[in-house]
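This briefing is meant to be read beside the sequence and the structure. Please keep both in view while going through the topics below.

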Amino acid sequence: MRDAQPSTIYLSDYQVPAYLIDTTELAFELGEDSSLVTSLLHIRRNPAANQLGAALVLHGTELELLSLAIDGRVLTASEWSQSGEQLVIADVPEAFVLRCETRIRPQENTSLEGLYKSSGMFCTQCEAEGFRKITYYLDRPDVMSVFTVEITADAQRYPVLLSNGNLVATETLTDGRHKTVWQDPFPKPAYLFALVAGKLSCVSDSFRTMNGRDVDLKIYVEDKDLDKCDHAMASLKNAMRWDEEVYGREYDLDIFNIVAVDDFNMGAMENKSLNIFNTSCVLAKPETTTDAGFQRVEGVVAHEYFHNWSGNRVTCRDWFQLSLKEGFTVFRDSEFSADMGSPTVKRVEDVTLLRTAQFAEDAGPMAHPIRPDSFIEISNFYTVTVYEKGAEVVRMIHTLLGPDAFRKGSDLYFERHDGQAVTCEDFVLAMEAASGVDLSQFRNWYSQAGTPKLSVSGDYDAEQQSYTLNVSQSCPATPGQSSKAPFHIPLKVALLGEAGQLPLQLLGESANVESADNTEMVLNVTEQTQSFTFTGINELPVPSLLRGFSAPVKLDFDYSREQLLRLMRGDSDGFCRWDASQQLGLAEIKRALADVAAGQNVAPDAAYLAACRDLLSDGSLDGAMVAMMLQLPSEAYLAEIFHPVDVLAIHHAREALRLAIATALQLELLDCYNRCCSDAPYAADAEQIAQRSLKNTALAYLMLLDNESARELATAQFENSENMTDRLAALNALVNSAAPYKAKALQSFYQNWQHEPLVINQWFQVQAMCRLPGSLETVQGLMNHPAFDIRNPNKVRALIGAFCGQNGVNFHREDGAGYRFLGDQVIILNRSNPQIASRLLVPLTKWRKYLPAAQQLMCAELQRILAEPDLSSDVYEVVSKSLQ
Ligand code: ARG
Ligand code: ZN
């Protein structure tokens, strides 16, 4: 909780640490009321600091300090002082051993930061600044230390005691307690420290590295979850192999442990050799887990594993550099997932997240560059901007350099900086040095916030046989940045002629030729306005622009419907085909809005319907692509297009359009549904996932008709499915229909799965996202359900988060009850778990987008939160910035 005014930290104030901690010895005595932590820190003045006589200033929060000693001499109270998070020892030698004893209360720690208890086990989460809740320390990532950790605990309650690195000793004590000692040979910052103690079972496997070393792999879970570890283990081994093959990175210890915990603020954490995971990101089996769940496990397991190099061996100098490890690692994990499954589907999924959540963040009050230059609470900067836009920035470097030079750059980066805490600048420098590509202007992506807009037009000159693309870029103002310098934007293009892609010959030199057949190019857009002329073009082409979504920008080109239909049918770039379908869908939604406003029936365009019909009928197409192209742009995406956003009008027009499509295409939808049904045993592979996704897209459309035959399909699918993907899709369709069976379906689902918390979270979420009127009351009722627990972040996200973030039509009720509900929950969570509170409140911060009446109601809730006493720095920062 904050004292007075939380202060802002600036990147420009960075100073090297005055002291270093070469070795850290920690002893934990874990108890039922409280735990004792004794630390021995081998500290010396930092020769690089040049601050002679500086006091030693350690970080610590919510600690009970029992004793402090330097080189064996106990300090008296006058030799140290405390203020806020700081413990100051004014007078210390050049080099010394500091001994410190603290008492902490993990059982009372509901913030899930530092050492806490989750379902009877002790576990830790130290990133970013949680270690200071364990003991006094230089809790900053540029202080790296070799850790030895001794854990003592009751042997019955906590048979498994784990920390980072290698197990070097175990001991059974006489009083029913036991002890283990762990040593991690790699120096690391405190945020990578981890400890686990509990009654855990494990699944074991092993991996032989490229140099023939065998690594012991273990996944620790509760006994009842032992049957849900296979997918995570397979994903881990795939990730280890992939990192060797694609990046030449080998694992560096003989053991690698993953532990699953129920109560976790985020997805997972890359602690050295002891990754700690949210159960939702590690447990999976077909009966309980959807396809999306399987893919999430694969992606997160890989992400945390990849951090061993991009994050642990080379870490961040300070938290402003967070994207150095997160952007790079997200890029790595998305390339991995693309390789394991369908690259186009993965790309479209990533783009969708970016164009909804990230573009919204970039246009809102919390907009920040991927390398922010100030923050109040660093936990608020684990954002889609730092992660996903950060990954897009790395992807653009990959595009500009090409795969071979990019690999040389990453090799050089790891070689230069192994064992160091470095900056985004160091990453860019290594990429430049290895490739010879000048990234000076490209650096604006690191320092400037906001989503650039690219306006493109095309001029065909039949006489000259040339085609010119006129490109102009702009970027809206964001908080603290009123005007922006032009970005270096890689614009990947092709020109479609009647018989395929045309060979590209560019006048001038400003591109990297990409494809072997010369029909695709990356244009270097660097000026505010710029033209690119292609010669030898003997027909009017349709330009295929921003192929593969080559830059995180909003692209504007005035395509005709015919051109879009051509792109959708025939572009060789999967992203562009899908995007054309979305632009066509957007045009339909705009017409539907006008029709509804004029009191007319919504009638989709015949050519659009014909294209959808072709998609449905062509069994040779990739089902997942078809499913994605058949879906209209989401309400979240539409909220980024319309100004102001009339949530209810958009929702109702979009639903009316969906119903009209379902009505027009019901035969094709049913055919497609039947074609996609299969008895093959479940596998989470690209082909099956595609088939299920198309089948369930068809089911959702058919259920809009809400007739007996559709209800029968959904009911049969709900009752007979053996996998959770199909069962949940059917439940979702039923819940959003008027089918009387839905109450029974919900009830039987609960009965069957009440012992599986992750499944019950899905059950909460389906109800929280129901589009029909009354969802708020349902959610309020479910908060009193015995299976709900506001202390558990997964449950909060499933019920409150899903309702406020993904159920626009109900959250934005005209009476403001949705906003009040969120305000109430944020105020409650502010006390128990500030990180979750501040994340939950994001939908309210977007108030400026909506109609005046909504704006007023949303603002009133923000004001009410701001007036709360004892606001955490997390909530304070988000609320105060969004009211500025
Ligand atoms: N480094 C972790 C990951 O991306 C996330 C940790 C986030 N922790 C936090 N307190 N926000 O894999
Ligand atoms: Zn990460």
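How many nonpolar, polar and charged residues does the shell around ligand 1 have? In this predicted model, that shell has five nonpolar, three polar and four charged residues. The points below begin with the ligand and then turn to the sheet, a pair of helices and some backbone details.

**Surroundings of ligand 1**

- The residues that surround ligand 1 are Glu127, Ala128, Asn265, Met266, Ala268, Met269, Glu270, His303, Glu304, Glu326, Ser379 and Tyr382.
- Two or more residues of this shell come from each of β20 and α2, the latter spanning 291-306.
- Glu127 and Ala128, both of which belong to the shell, are joined by a cis peptide bond with an omega of about -5°.
- Ala128 itself is found in the loop that lies between β11 (121-125) and β12 (145-154).

**The five-stranded sheet**

- Five strands form an open sheet with mixed pairing, in the order β17-β18-β19-β21-β20.
- Its edge strands, each of which pairs on one side only, are β17 (201-208) and β20 (268-269).
- The pairing of β20 with strand β21 (residues 274-278) is antiparallel and runs over two bridges.
- Met269, one of the residues around ligand 1, has Ile276 of β21 as its bridge partner.
- Helix α1 (residues 230-247) lies across β17, β18 (214-221) and β19 (255-261), and it runs at about 25° to β17.

**Helices α12 and α16**

- The axes of helix α12 (residues 623-630) and helix α16 (residues 686-705) come within 7 Å and cross at roughly 30°; since angles under 35 degrees count as roughly parallel, α12 and α16 are therefore roughly parallel to each other.
- The crossing in which α12 passes α16 is left-handed.
- On the α12 side the contact is made by Gly623, Ala624, Val626, Ala627 and Leu630, and on the α16 side by Ile689, Ala690, Gln691, Ser693, Leu694 and Thr697.
- Of the residues in this contact, seven are nonpolar and four polar, while no charged residue takes part.

**Further backbone details**

- Most residues other than glycine have a negative phi, and most peptide bonds are trans.
- The peptide bond from His643 to Pro644 is cis, with an omega near -10°, and Pro644 lies in the loop between α13 (635-638) and α14 (647-664).
- Leu546, although not a glycine, has a positive phi of about 60°, and its place is in the loop between β32 (542-545) and β33 (554-557).

Note on methods:
Residues numbered from 1 in each chain as written. Chains lettered and ligands numbered in written order. Predicted model: local features only at pLDDT ≥ 70, side-chain atom pairs only at ≥ 80, totals over all residues. Axes fitted to C-alpha atoms, helices over the stretch in contact; angles between N-to-C directions. Helix = DSSP H or I, 4+ residues; strand = E, 2+ residues; numbered from the N terminus. Parallel < 35°, antiparallel > 145°, perpendicular 65-115°, else oblique. Left-handed = near helix turned anticlockwise from the far one by under 90°. Contact = placed C-beta atoms within 7 Å. Nonpolar A, V, L, I, M, F, W, Y, C, P; charged D, E, K, R; others polar. Pairing = 2+ DSSP bridges. Near = placed C-beta within 6 Å.
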